[in-house]
Amino acid sequence: METSTKNNNFKSEEYFINMGPQHPATHGVLRLLLTIDGETIKNVEPDLGYIHRSIEKMCERDSYQQIVHLTDRMDYLSSNINNEAVCLAVENALQIEVPDRVKVIRTIFDELTRIASHNLWWGVMGMDVGALTTYFYAFRDREMINDIFEETCGARLTMNYNIPGGLMFDIHPNFVKRVKEFIAHFKTKLPEYDTLLTNNVIFQKRMRGIGMLSKEDAISYGASGPVGRGSGYSCDVRKTHPYSALDKVTFNEALRTEGDSFARYEVRIQEMWESISIVEQLIDNIPEGDYKVATNAVIKLPKGEFYQKVETARGELGVYIISTGTKNPYRLKFRSPGFSNLSLLNHIAVGGKIGDLVASMATLDLVIPDIDR
Amino acid sequence: MNLSLSITKNIHDWLFSMMPETAASLTEMTLIATVYLGVFAVTGLFLVLLERKVAAWFQLRLGPNRVGPWGLFQTIADALKLVSKELTGTVNADKFLYNLAPYFVIITALMALAVLPFSMEFQAFDINIGIFFLIAISSIGVIGILLAGWSSNNKFALIGAMRSGVQTISYELSVGLSLLTVILITGTLQLSEIVEVQRNGWLIVQGHIPAIFAFMIYMISGTAETNRAPFDLVEAESELGAGFHTEYSGMKFAYFFLAEFINMFIIASIATTIFFGAWLSPFGITESLPWLGVFWFLGKTLVLVFLMMWFRWTFPRLRIDQLLTLEWKYLLPLNLMNLVLMAIIVWLNLTIQF
Amino acid sequence: MSYFSDIFNGIKTLLTGMSVTGKYFLHSQQDAITQQYPENRETLKMFERFRGEVVMPHDENNEHRCTGCQKCEIACPNGTIEIIWDRQVDPETGKKKKLIEKHVYHLGMCTMCGLCIEACPTDAIKWAQNFENSVYDRTTLTRVLNKPGSKLMPGVED
Amino acid sequence: MTNEALQNLISSWVPDPVTSELEFTEEESQFLNISVQPADLHQLMVQLKSNSETNFDYLFCLSGVDWGNELGVVYHLESTTHRHMIVVKVKTEQRDTPLFDSVYDIWKTAEFHECEVFDFFGIQFNNHPNLRRIFLTEDWDGFPLRKDYEDDINMIVK
């Protein structure tokens, strides 16, 4: 075994399994070194870096406008929220106040991105526990969101719609109509998700009481997003540090206290409902105005350190910029939610079966480029 | 009047008039075996296509539609592709067992077909212990799976094989007991006689409540026997990659694949024979045309096959300990209770007969 | 008794789950979401803002609007755009002026971020809606956007 | 708790703020920054977590920084009960053998984040349970996020 392992007192009835980097349940190129006794997991050691591109180093040579498009490629399922994080950090540093129109549009896009991301997660969650059909139902609905994005931004996944100072261009004239269509459609489909999967007795047996994470452990492991909220840890950045137009809307923070896989599942389902409600509150009230404020062609941040946190679909994304006053950041660190969430995988998987590992890993909703960066 | 029967009878007579008895029997056996092999290989391919189409329709897709009209030749093309593929293997595999395993699986699957009554007197081998033979044969297949997993020298395959062993041995019990429940009405194990009994009403009607329970238990454990979702822990794509056949490629893989579908067909056929009157038409509407029995038999079987596909494309997979809990804590006690209930019903003559 | 009610409720949830897939099975012909791609090429329209590849529109006189200011080259994060330019004497004014020789675009390196088109002061480049970008040879992904013999449209200034 | 109150409280923990070299600053940052000597880091962190008034139980960002001639680690802390935030910085000039105490025993999330810092900056951590190259291969040469790292093949310098 070329990789060092924590478990040096390796017992004779235990054996290694190399799960990944090519494995259907790891959703990409995550490699897990499992120590197994029969079917029971004894230790999980993630081995990362298979899609590491050193985005942080690339940021050190790019201008602030160019950095934004790199964040698309981190957590590609919440690309718009990542973009916004960088833009907010730069705007705060420059002390630019963006127009209300921009704030509202950004928030609508964020919540649509969140729905799309949770939607895909739901489909994949079903696949991971063996219900293959969920994937297609989820993609049918996600396709509508992608079309909305494509019509306005020109891209479906890596949108790069935000720029420091506002948006790249105004929303498409069809945008409001399409969003309303989608919301009406999705409201009829979301209950179907519950009938098909949530209420299913097999699914509940697979999820309840599995992958237990206490609130103290969640905080200690730096869990955020639905993973933390499934353990009763109120960590929604949208509530604790509101940004953009989130102070104008009312929504409930999805919280469950059970701390098992099913709680994390329920949190995401409820978050989809909450996101729908946020979009509904804003979609009729997009204020008129400019879609961006003029910035210098070369953005130079003042000397200092800037930190901006936002709530992506996976949890708390932090952008930490150290500027020396030049047009490039001196150091830029992304605190990615997936990286911290992955660190607790060993904690929740040990003692379970292989099937439990797959199911609880699915509820962490890992996106590997987000972890590797 | 009875075209199919007269043809087989004519061939039989002709062979026996041509040759000495031993040679004629041998020739006849080979002939029947070849015909069965050919027909059911095609049936297997057709079932694969059906599964893909049905899956597509459940999932808002179109399914294979490029090769031939409505994609009918898709699986034939796939089979051709698999035949032409390289047979790969692992370095430290037990080569003999590794190569033997797929044949174990496919041969046991085909053997079970011999006793199925497709129509009146259209049955290759009407053995008097028919049901017993079916149960016995269908449990040999697991040896092939165990061999495949063990000899592949792959830990994922080994886990899959061990799961299969556990699963098949447990669910064998439920399959046997649920069939036994219905046998109480017929009083015979011979399949042709079981069909004859059903002229007074299909057994699921004759045995009413306990028979319906028995049918439900049989379908659940039958699905588990064929290693299909929600009991596909043996393959468990998201957990083990491909399970016991991870290291197989080309035609050897195709044998496993084909065997799975033939097994599914067999499980459905047994249910048809035992619970739904095999080739008997409902209310005897086509009694004057016995060759239509094949149509009824296949029709009923396909409905049950469709039911199994429906399960597969709806339900999530169980975990290994839940699989055993379901069998030992739920199905087995219920089955035993059901058996007693059925015995009481038969004893008090409470069966419904027309 | 909870033993039997568990079984009963379990089976009920399974059956309701099956009713969802069953409903879609019955409507499978109308609801199918499959796009039959090569066949529907005629009807498949991309949105007008779709980012397929960067192109440089030319008018009927083979004139483009690129002044060679290189703003797109600077804006590009990946070095996708290279402008080969030259100073030539403008016949009308007699002054030396920057003119492009080649506007080279490496589609293979492009991440479709749109910063070059935002940066262009003269709207010389824009997005094309073409999405069938795969080729057999990687070198064909390097394109020269200005057509041979084309020149700057009169009146276009930085 | 306000930044001022935090500063007063934390400086009251040490007998003599001058000799212990705690530095507080709010300049150029939206948080209260504390610079601490490597030897005092672990002690301070334990107090920040365990004191009921500060109760910094959430380490939300742990970044390595190459300050030119110094290597450092920046800890961003937040209290989930009081919702105040603080930044703790630690630096060392020993670029060849930078060594700090691990905070894994205080916040478990530090295990992975310290591995990341080790991977990219070569900073070692005392008492870390499994310090390894988490992203790069074991035999990778150098520490890529240091400012003096050079790689002629993979790095494109603009």
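This is a predicted model: local features need pLDDT of at least 70, side-chain atom pairs count only at pLDDT 80 or more; totals for chains, interfaces and linings use all residues.

Student: Okay, and at what angle do α6(B) and α7(B) pack?

Tutor: About 160°, with the axes 7 Å apart. Here α6(B) covers residues 141-151 and α7(B) covers residues 155-186. Angles over 145 degrees count as roughly antiparallel, so α6(B) is roughly antiparallel to α7(B).

Student: Which residues of α6(B) and α7(B) make the contact?

Tutor: From α6(B), they include B:Val142, B:Ile145 and B:Trp150. From α7(B), B:Ala157, B:Leu158 and B:Thr168 are among them.

Student: By class, how many are nonpolar, polar or charged in that contact?

Tutor: Eight are nonpolar, five are polar, and there are no charged residues.

Student: Switching to chain A: what's the strand order in the open sheet of three strands?

Tutor: The order is β6-β7-β8, and the pairing is antiparallel.

Student: Which strands stand at the edges?

Tutor: β6 (304-311) and β8 (331-335) of chain A. Each has a single partner strand, so one side of each has no neighbour in the sheet. On average, neighbouring strands are turned by 10° against each other, ignoring direction.

Student: And how many bridges join β6(A) to β7(A)?

Tutor: Eight, with β7(A) spanning residues 316-323. As for a specific pair, A:Glu305 has A:Ile322 in β7(A) as its bridge partner.

Student: Which helix packs on that sheet?

Tutor: Helix α3 (residues 79-94) of chain A, which touches β6 and β7 of chain A. The direction of α3 makes about 145° with that of β6(A).

Notes: Residues are numbered from 1 along each chain as its sequence is written. Chains are lettered from A and ligands numbered from 1 in the order in which they are written. Axes are lines fitted to C-alpha atoms, for helices over the stretch in contact, and angles run from 0 to 180 degrees between N-to-C directions. Helices (H or I, at least four residues) and strands (E, at least two) are DSSP runs, numbered from the N terminus. Angles under 35 degrees count as roughly parallel, over 145 as roughly antiparallel, 65 to 115 as roughly perpendicular and the rest as oblique. Two residues are in contact if their C-beta atoms, placed from the backbone, lie within 7 Å. Ala, Val, Leu, Ile, Met, Phe, Trp, Tyr, Cys and Pro count as nonpolar, Asp, Glu, Lys and Arg as charged, and the others, Gly among them, as polar. Two strands pair if DSSP finds at least two bridges between them.
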